[in-house]
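Please have a look at the structure first.

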Amino acid sequence: MTPTVSDIGTGAGVAPDRAGDGAFAPELTRDSLLRLARREIAGLHVPGFCDRRVAADVAGKAVRHKALGNYHKKYTSTVGRVHLPHIDTAWNPGLTARYHDAALPSIHEVRALFAPYLSPVDHVRLLLQECWPAGAELLRLRGRPCFVGALRVFRPATSAFLPHNDRIEQETDAPEAAGVTEQLVANIYLQVPEEGGDLQLWRREPTSAESRTILEVEGLDPATVEPPDHVIHPQAGDLVVFSSRMLHAVTPARGGHRVGMAAFIACKGPDEPLRYWS
């Protein structure tokens, strides 16, 4: 049996959510997923989902990875990512073909970084398959498999995600993207500096005007947005899942890299399988 990344440690040193109001479920379960999909809670925050020693090792590999590039839009170009994510296909047929051609090899390469332990994104995939009423599967667009398991690298002081949201239908007109009622994102944190790198969450979607700005440059001026409803300073090894359709942001890290993994999760209701990708 393949050992999981939680088999070799406890992931100690967990920082609590500043919300402090029961808005975050502490486990990924059938009930918590359904409640999150209905927006009855702000998210899931599972401490120690990935062992810190394994996380630190892979974080170092990500920072040095030969496939480390940058996101393509104006305000996200400071953030590094390993392998091409779907958002960077930018409606370009050539980039889209490249993305799908590399999807399975990229999944295998990311998985190998965690060997002999189970990748935390694969762990999330298994839990989604087991917990969601209709199961879960890899997203395919026009019948072609998508990549899942993106590694994100926030460089000290310079990298940030300004307030934005993410919706698959803004990235593709593939028929498989139709009918999505909610889009979640699962983030696993591999390395987090002591200061900065906070996850900010708003309990609302952007306005029409804000959406136009986000589509153009992938971020809003923080001065134009009210304070976030929730702020989380995750610890290495934590899993946080929330609605990517709502506004969210990441503050600049200070004193070290912030490295994580991310997977989007499309929901079309409890009678349809969840579908995940990066």
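The lining of the largest cavity is made up of nine nonpolar, five polar and six charged residues. In that count, Ala, Val, Leu, Ile, Met, Phe, Trp, Tyr, Cys and Pro are nonpolar, Asp, Glu, Lys and Arg are charged, and the others, Gly among them, are polar. The model is predicted, so local features need pLDDT of at least 70 and side-chain atom pairs pLDDT 80 or more, while totals for chains, interfaces and linings use all residues. Residues are numbered from 1 along each chain as its sequence is written, and side-chain values use heavy atoms, leaving out hydrogens and water.

**Cavities**

- Four cavities of 30 Å³ or more are found in the structure; a cavity is a set of points on a 1 Å grid over the protein atoms alone where a 1.4 Å probe fits but cannot get out, and lining residues have an atom within 4 Å of a point.
- The largest cavity has a volume of about 180 Å³, where volume is the space filled by probe spheres set on the points, with grid points joined across faces, edges and corners.
- Of the 20 residues lining the largest cavity, Tyr71, Ile87, Arg152, Asp166 and Phe264 are the closest to its centre.
- Strand β17 gives the largest share of the lining of the largest cavity, three residues; β8, β9 (161–164) and β17 each supply at least two. Strands here are DSSP runs of E with at least two residues, and helices are runs of H or I with at least four, numbered from the N terminus.
- The second largest cavity holds about 130 Å³ of space, and nearest its centre, among 18 lining residues, are Arg152, Phe161, Asn187, Val250 and Arg258.
- Two or more residues of the lining of the second largest cavity come from each of β8, β9, β10, β15 (248–250) and β17, with the largest share, five residues, from β17.
- By class, the lining of the second largest cavity has eleven nonpolar, four polar and three charged residues.

**Helix α2**

- Asp51 caps the N-terminal end of α2, with a side-chain oxygen 2.9 Å from the backbone nitrogen of Arg53.
- Val54, Ala55, Val58, Ala59, Gly60 and Ala62 of α2 are buried, meaning under 20% relative accessible area with a 1.4 Å probe and protein chains only.
- These buried residues pack against β3 (68–70), β4 (79–82), α3 (93–114), β8 (150–154), β10 (182–191) and β17 (258–267).

**Loops and backbone**

- Leu28, in the loop between β1 (24–25) and α1 (30–37), is buried with a relative accessible area of 10%.
- Beyond its neighbours within four places in sequence, Leu28 is in contact (heavy atoms within 4.5 Å) with Leu33, Leu44, Val46, Leu127, Leu128, Cys131 and Leu239.
- The C-alpha atoms of Leu28 and Val46 are 7.4 Å apart, although the residues are 18 places apart along the chain.
- The peptide bond from Ala115 to Pro116 is cis, with omega near 10 degrees; Pro116 sits in the loop between α3 and α4 (120–131).
- Trp91, in the loop between β4 and α3, has a positive phi near 65 degrees.
- Glu218, in the loop between α5 (208–217) and β13 (230–232), has phi near 65 degrees, a positive value in a residue other than glycine, and counts as buried at 6% relative accessibility.

Methods. Buried means under 20% relative accessible area, exposed over 50%, partly exposed in between (1.4 Å probe, protein chains only). A polar contact is a pair of N or O atoms within 3.5 Å; within protein, one must be able to donate a hydrogen and the other to accept it, and residues adjacent in sequence count only if both atoms are side-chain atoms. On a 1 Å grid over the protein atoms alone, a cavity is a set of points where a 1.4 Å probe fits but cannot get out, and a pocket is an open set with protein on both sides within 12 Å along at least five of seven lines; lining residues have an atom within 4 Å of a point.
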